[in-house]
Amino acid sequence: MQHKVIDTKDVVIRFAGDSGDGMQLTGSLFADMSAIFGNGLSTFPDYPAEIRAPHGTVSGVSGFQVHIGSEQVTTPGDFCDLLVAMNPAALKANAKWLKRTAMVLVDADTFDEEGLKRAGLGEDPITELHIEDRTIIVAPITTLTTESLKDSGLDKKTVEKCKNMFTLGMACYIYNRPMEYIFQYLERKFGKKKPELVEPNKKVLKDGFNYAANIQAIANTYSIEPANQPKGLYRNITGNQATAWGLLAAAEKANLPLFCGSYPITPATGILEELALHKSLGAKTVQAEDEIAGVCTAIGAAFAGSLAVTTTSGPGLSLKSEALGLAVMTELPLVVVDVQRAGPSTGIPTKTEQTDLNQALYGRNGECPMVVMAAHSPADCFDAAFYASKIALEHMTPVLLLTEGFLGNGSEPWLIPSMKNYPKIVPPFAQPNTEYKPFQRDPETLARRWAVPGMAGCEHRVGGLEKTHAGTISSDPANHALMVSEREEKVRRVANYIPELKVDGADSGKLLLVGWGGTYGHLLSAVQEARAEGLEVSFAHFDYIKPLPRNTEEVFGKFEKILVCELNSGQFVNYLRGEMPKFKYEQFNKVQGQPFLVQEIVGAIKENL
Amino acid sequence: MPRYTFKEFKSDQEVRWCPGCGDHGILAALQRALPDVTEALGYSKERYVVVSGIGCSSRLPYYMNTYGFHSIHGRATAIATGIKVANPDLTVWQATGDGDALAIGGNHFIHAVRRNVDINIILFNNQIYGLTKGQYSPTSRFGAISKTSPYGTVEHPFNPGSLVLGAKGTFFARSLDSELKLNSEIMLAAAKHDGCSVMEMLVNCVIFNDGTHKLISDREFRADRTIVLRHGEKMIFGKNRDKGLVLDGMGLRVVTIGENGVTEDDILVHDAHSDNVGIHMMLADMKYPDFPVALGVIRNVQDVTYDDGVRDQVNDQKAKSKIQCVDDLLRSGSTWEVK
């Protein structure tokens, strides 16, 4: 057979196995290696809520999808070119994500009677799953790994854990990846603590690579050239890590200590974990006794003069609602990060959704406005968290930043910024020993001045009760009406300090595609594909939801129809309908706990043209 | 630093508690204690923060001329924790009630005690919900009649002392609303104590639960039905100072000095600093009529505080870590250069 190396623009690889098979690690290593190689990259971990679900069952399948390209990559990809299935359940769960031309790599050793039964498959899974026309590579991966390590002296369990390195080696062959990065990783990870594992893992990786080269079953291998990226220093970053770092960056620019009070919750926990690492930058973290204590310790810290943060996901945000009302009433700076997941209630904790928008906008008693923002990619979480903090501190308001499980756990390469290019953050501090009225407002922003305990002569009381500008409790009807309107107006005026809405494509026409948050990459890919097919469509994506960018009405006014796509039943489109009723809105929604597919959006564009 | 008087700690707000309410006494004791605290510890007035939740007692911050935070129901402890951890140089006081601290805020309360956050919690225990006009509370005695228990409660009350000591609390004191001098003394001891200090104040609700503590608080028999514990002093009580506590097997027993051969030498000496929580638990649990109710500082031991722990780790990492600014952080770990 003639072996060919085919240059290709992009490929999507999905690693799938039991939740204990190390697929998340395998996928991340492949991604990091490709990032360093210089490819455009986007990843999507798709894993079950159970740490170790029943062995070999479909519900226990853990997947990690990597999309690499020779140009910029904006989504983890709809369908895959290569599926690595470590057992029958992984094959069954992922067969529907195969491209027509896809290659499937399976571990033959797991396709015995028992394995098939656990996955609920019959004797002939290939026919049963209708994938006869794909290239199926059946390799006895467990046997080969065992054989490779027979002289290593490692026990059976440890040997079997090296299976993922064998498949990674095969994937490296298929996609012409240099393996040095993985060697370095293995040395870093095991070099000091378990040096006996370094060489066996390297050996299995190389044996996997050589096996793939020798079996003659793989007709072609693929080469994905490095993307033509701006020069500079890069790193790979997940959304949760970027969020944590953005908060640290804001604290530095404001010259304030960072305080984070949080309770662990999937998929937001990574932010608290990341902040807990960086005490050297002055970050204090409190793992509170519950979600309510998380936000309340943060409110206390805000009162005491910190950049205060609480991080959570949907159910946790519900628990924080009353306290968020207190933050609105006391007009303290507070950043709340909600890494959204599929709800309602416990829902599907590890799956992504955009269903907390209504809760963010309206989920509190009384007239209770706060700034609501959204991040649009894993790396963008850095800027989103930075500017959420800047707004909170300079406008004396809670800011709710919505990210998504898809962003929090997903990663992409990031051109590392320099802090000198970020603006200063200047909170409106009161002056000691001057007359201080707690709710006297700045005429421009309507922000109150911030007097923190320790500041002499500014002693005052705040709280949940309605007050006058002077800080005296008041149930006077006119005063209440005034304070309600000022709190709302303060949030509206934030629009004067945020970027205008940008349009990708023509700034007028028949159809404007609109999205917010983590769907950005999919929507952008979809409009690019639609335009490649000759369709005329423009695209506007919202990072700021309350208040909306000040030119929103102007932008919408130039299009016949606005098509709003979101991963919920229409929460943003209904908000837009309320804010700007005069436009014609269409909506495209998906509530499956999964990101959009680019093809779905392209279909929706066609239907609306 | 100037010597403050109670006047400097009084705010210009009108005190709106009912006439005869026990809360007035606690406020007066606090305003009188803080000048002493200031003198003893060198705090200036702007470093005081008084935090509260919701309920009658939670109005207290408005009456103090200090930084204050009147928060939401049950959450004062969490907010106070945040304030203290964010800035350990502040001295944080919390006013809370039996409903606020032990029902809706029970979780925060036990965790603040467990963590030993250096805050001073004044727990106003009137065994009733006053602000909502007379429903039973988690400290109402079994069978208590109230608007929501017209046929009597069918639930056991919490004893705040057992709760605090069960959570390995480092400081617990108890007193009566009318004991102005003792209360200021307890507050000074609480301020000096590094860690979570819980002061249970048995207060009377003149409107909805009048006389709830009467059996022990009445002037007529207070001396016989309560015992004021002071570290290093004999556990002696009674109008005639002739009664005392001794250990009897696994428990405590009340004895009369001069009867059955008992002398003053047999009476226990209070050791509030003992690590052994057993004897403190027995003292906190004493109930009338079998025992006198224990007042004063029952437990006062040293342990690391949470806020110091958090601060120390930050300082430690600042000294040790290679990451000294965000630019360092952004460039740490695995990176690559595109040329």
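**Helix α3 of chain B.** I started with α3(B), residues 76–86, and found it mostly covered, with 11 of its 11 residues buried. My cut-off for buried is 20 or more other C-beta atoms within 10 Å of the residue's own; 12 or fewer is exposed, in between is partly exposed, and C-beta atoms are placed from the backbone. I listed the buried residues of α3(B), among them B:T77, B:I79, B:G82, B:K84 and B:V85. Helices here are DSSP runs of H or I with at least four residues, strands are runs of E with at least two, and both are numbered from the N terminus.

**Housekeeping.** I am working on a predicted model, where local features need pLDDT of at least 70, side-chain atom pairs count only at pLDDT 80 or more, and totals for chains, interfaces and linings use all residues. Residues are numbered from 1 along each chain as its sequence is written, while chains are lettered from A and ligands numbered from 1 in the order in which they are written.

**B:F221.** I looked next at B:F221, which sits in α9(B), residues 219–225. I put B:F221 down as partly exposed because it has 14 C-beta neighbours inside 10 Å. From B:F221 to B:K239 I get 8.0 Å, C-alpha to C-alpha, for a sequence separation of 18 residues.

**Chain B overall.** I count 12 helices and 14 strands in chain B. Of its 339 residues, 49% are buried. The C-alpha trace spans about 95 × 50 × 45 Å along the principal axes. For contacts between residues at least 6 apart in sequence, 67% in chain B join residues at least 24 apart. I call two residues in contact if their C-beta atoms, placed from the backbone, lie within 7 Å.

**Chain A overall.** Chain A has 21 helices and 23 strands. I find 57% of its 609 residues buried. Its C-alpha atoms fill a box of roughly 85 × 60 × 45 Å along the principal axes. A compact globule of 609 residues would come near 25 Å in radius of gyration, and chain A agrees at 26 Å. In chain A, 77% of the contacts between residues at least 6 apart in sequence join residues at least 24 apart.

**α1 against α8 in chain A.** I checked how α1(A), residues 23–37, packs on α8(A), residues 180–190: the angle is about 125° and the axes are 9 Å apart. That angle makes α1(A) oblique to α8(A). I noted A:L29, A:D32, A:M33 and A:I36 of α1(A) meeting A:Y181, A:I182 and A:Y185 of α8(A). By class, the contact has six nonpolar residues, no polar and one charged. Nonpolar covers Ala, Val, Leu, Ile, Met, Phe, Trp, Tyr, Cys and Pro; charged is Asp, Glu, Lys and Arg; the others, Gly among them, are polar.

**Where A meets B.** I get 56 residues of chain A in contact with 49 residues of chain B. Elements of chain A that each supply at least two residues to this side include α1, β9 (232–238), α10 (239–254) and α13 (314–330). The largest share, nine residues, comes from α12(A). I sorted the side of chain A that touches chain B into 29 nonpolar, 16 polar and 11 charged residues.

How values were computed:
Axes fitted to C-alpha atoms, helices over the stretch in contact; angles between N-to-C directions. Parallel < 35°, antiparallel > 145°, perpendicular 65-115°, else oblique. Rg over C-alpha atoms; globule rule 2.2 N^0.38 Å.
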